[in-house]
Amino acid sequence: MNRKFSRRDFLSAAGAVGGSTAVFRAAMALGLMPAAAHARPQIAALRKPRKVLILGAGISGLTAAYELSRKGYEVQVLEASFRAGGRNMTLRHGDRIDETGYPQVCQFDKDPDLFFNAGPARIPGHHLHLLEYCKELGVELAPFINDNRNAWVQDDAMFGGKPIRAREYLNDTRGFVAEIMAKSLKKDDITAPMTSADWEQLREYLRQFGELDPQFRYLGTSRAGLASHDYTKADVLKQPLSPSELMKSRFMFIMSFGETDDQAAMMMEPVGGMDKIVSGFMAKVGHLVQLESQVQKILVKDRGVEVAYRRNGEYVTAKADYVLNCIPVQLLAGIENNFPSEFATGLTKLPRGKLFKIGLQMKERFWEKEGIYGGISWTLQDIQQIWYPAHGIHRQKGVVLSAYTFNPEAGERFARLSPAERIALAVEQGSKIHPDYGKYVENGVTIAWHQMNHMLGCAAQWDAELSKQWFAKLQRPVGSHYLIGDQVSYHPGWQEGAIASAHHAIADIDARERAGGTVSA
Amino acid sequence: MRARTKIAAVFVAALLTGLASAENKYDYCLLCHGTNANGNYGIRAPKLSGMEPWYLTRQLENFAAGIRGAPEQDFSGHEMRVVGIRLQQEKVLGEAVKFITALESKKPVHTVSGNVKAGKEIYQTCVACHGAKGEGNATLQSPALASRSDWYLATQLRNFKAGLRGADPRDTLGAQMAAIGGTLKDEQAITDVVAYINTL
């Protein structure tokens, strides 16, 4: 079932979901981006009336609408879907899941704690602009548990597929590696000048790293957990797991996930669902947003831009001085346009993200009985992850993320199935981690982002080569037309990237207006 | 087992509730196939406008029945297959075909290049069914080839050759094309013949 995954696959997959952090870092190293966040544009109040059409009411579109409308720009947002938010989507009782081919309706109980963040689900503390908007829009935040050492790690390749606690994998592995290093490393092997004190310090570091005994042996550590938590009795360490079994697993490529730039504590989530950010923006600009309006034509003129869209089966034409466009490039490529051929070609170059998620309503919070409160269990099966909700602790029910794969092939495998079959497969795979998993399942939702209406893709799959060749060309305005969205940021897959793209475009518009308000090409 | 049946029932109920408002229903087609269904290379969705209604109908029925788009390697075919199933379940397949047929067809941009002269020779095999001008033949149920997305023609020839299309025993017309596809000796032959079709 599970294709062999190379280290490179893992890194690129982690890059995809982690928002191409590696690409971002490389750009930083080249001095292309400032180390601190970009400044939020301070848009000057308008001197002449200006109309702005924003195509798409995702996070980038809503950010631009919010910033521009309060400075006097006449803003209209056209959204193809029946809902605003783009991939920021929280599912609750009765919500429609508009997947081409497999539409679904969310059957969760009506309860404020029973929701599922089908798109973005966590916010790191350094996503300053998003956090600033949360504060400004009154979006209440709560801690999000991303890394839980009590959660499980499961891989068919080790221990006959039996799950082990994350703390055991991480710390037994560290212990063995530290012991091997301490025993095999010779002072003479190190070419850098080193005093005896330095050498001792290094050996102490290894001892600390693996929690080795005075003879530099790894005999187990409380970091990997105690055999019993009966505190009327003396502590007994768990027996270290077999290093040869641990080394069989490719989990080593995921084990540092919760330490990366965007995934390390402290992470946050909006209380009650990620789409509280969308409702926050909509409270400010909702009156400017027109839903169910699918763009069919974009003509960049000498002055301004003309857009035609379909609404209720009719074609409507709109003109504006500026267009900010966050339609996913894979869809934009099919919309009639007069873009320069290089720009139009660039639109066809980005592979579609195929990230896939399942959320299941569980009739009992069984994981809490296993000592798991929030966090992620990992498996090398297609479902890849199980997330436990950090909200609603100790209540009766909970919605568990039961699959979240970054691997495009696994995403395709799931997408090919009907929703009921996807859930059955997730239950089958999840049962290797929680043996009675299936008996708790009441209902569920499945999200194949590359089959969702008006999206047909998750985060744009940039790599270093594609970025080099196409990023600047797609980011640069065509006349008064600007492509925005997380797809034209160095942080695709993150709302902060979407905001950055909007800020970049509106700063440019502001500069043009300050320079005299010419909107000619 | 009972839980699974229950979950399945819930999804069927959800499916039947339908989605977009009636007026917007077929905008789904344009989502992938682009403005006026003139095709979107960005998402590998071919031009549909100008296709014969009987050909569209048969293909949608084939997708719905799993005669086309079933093999795992045919990713795009699968994407279309679920749409075919849905159109048939909602009994609107005919309406969708009418919608597509009414759209304004635009000449597609050429993306495939090859040896036109060599392609012309290969094309002689195609003339009997698809016509000397690639105009198609309704009696033989052979669709027109001229003014289609060229990259799509090439993809389909590859699919016929690789057994991803025309291999289902119910697909008798597809089987004829699969046999022809088998005679195309390599990738060069495919691009050559498509390059020639571009001149028709």
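Student: Which residues of H11(A) are buried?
Tutor: This is a predicted model, in which local features need pLDDT of at least 70 and side-chain atom pairs count only at pLDDT 80 or more, while totals for chains, interfaces and linings use all residues. Residues are numbered from 1 along each chain as its sequence is written, and chains are lettered from A and ligands numbered from 1 in the order in which they are written. A residue is buried if 20 or more other C-beta atoms, placed from the backbone, lie within 10 Å of its own, exposed if 12 or fewer do, and partly exposed in between. By that criterion the buried residues of H11(A) are A:Pro408, A:Ala410, A:Gly411, A:Arg413, A:Phe414 and A:Ala415.

Student: Which residue in S11(A) stands opposite A:Ala142?
Tutor: The strand order S7-S11-S8 in chain A describes an open sheet of 3 strands with antiparallel pairing, and its edge strands, S7 (123-124) and S8 (141-144), each pair on one side only. Two strands pair if DSSP finds at least two bridges between them, and here 4 bridges join S8(A) to the antiparallel strand S11 (residues 267-270) of chain A. Within S11(A), the residue opposite A:Ala142 is A:Glu269.

Student: Where is A:Met266, to which the peptide bond from A:Ala265 is cis?
Tutor: Most residues other than glycine have a negative phi, and most peptide bonds are trans. The bond from A:Ala265 to A:Met266 is instead cis, with omega near 10 degrees. As for its place in the chain, A:Met266 is in the loop between helix H7 (243-246) and S11 of chain A.

Student: What distance separates the centres of domain 2 and domain 3 of chain A?
Tutor: Domain bounds come from an automatic or database domain assignment, which for chain A gives domain 1 (7-25 + 89-151 + 263-274 + 354-451), domain 2 (41-84 + 277-349 + 463-514) and domain 3 (166-248). Taken over C-alpha atoms, the separation of the centres of domain 2 and domain 3 of chain A is 53 Å.

Student: Which element gives the most to the side of chain B that touches chain A?
Tutor: On that side, 33 residues of chain B are in contact with 39 residues of chain A, and helices H1 (2-16), H2 (27-33) and H4 (75-89) of chain B each supply at least two residues. The side of chain B divides into 19 nonpolar, 9 polar and 5 charged residues, where Ala, Val, Leu, Ile, Met, Phe, Trp, Tyr, Cys and Pro count as nonpolar, Asp, Glu, Lys and Arg as charged, and the others, Gly among them, as polar. The element that gives the most, with 8 residues, is H1(B).

Student: How are H7(B) and H8(B) oriented to each other?
Tutor: The axes of helix H7 (residues 150-162) and helix H8 (residues 172-183) of chain B come within 7 Å and cross at roughly 95 degrees; such axes are lines fitted to C-alpha atoms, for helices over the stretch in contact, with angles from 0 to 180 degrees between N-to-C directions. The contact is made by B:Leu157, B:Phe160 and B:Lys161 of H7(B) and by B:Met177, B:Ala178, B:Gly181 and B:Gly182 of H8(B). Angles under 35 degrees count as roughly parallel, over 145 as roughly antiparallel, 65 to 115 as roughly perpendicular and the rest as oblique. H7(B) and H8(B) are therefore roughly perpendicular.

Student: How many residues of domain 2 of chain B are in contact with domain 1 of chain B?
Tutor: Chain B, with 9 helices and 0 strands, is assigned domain 1 (2-101) and domain 2 (116-197). The side of domain 1 that touches domain 2 holds 7 nonpolar, 4 polar and 4 charged residues. Across this contact, the 15 residues of domain 1 of chain B meet residues of domain 2 of chain B numbering 16.

Student: Is B:Arg44 buried, exposed or partly exposed?
Tutor: B:Arg44 is found in the loop between H2 and H3 of chain B, and its phi is near 60 degrees, a positive value in a residue other than glycine. Because 18 other C-beta atoms lie within 10 Å, B:Arg44 is partly exposed.

Conventions
Contact = placed C-beta atoms within 7 Å.
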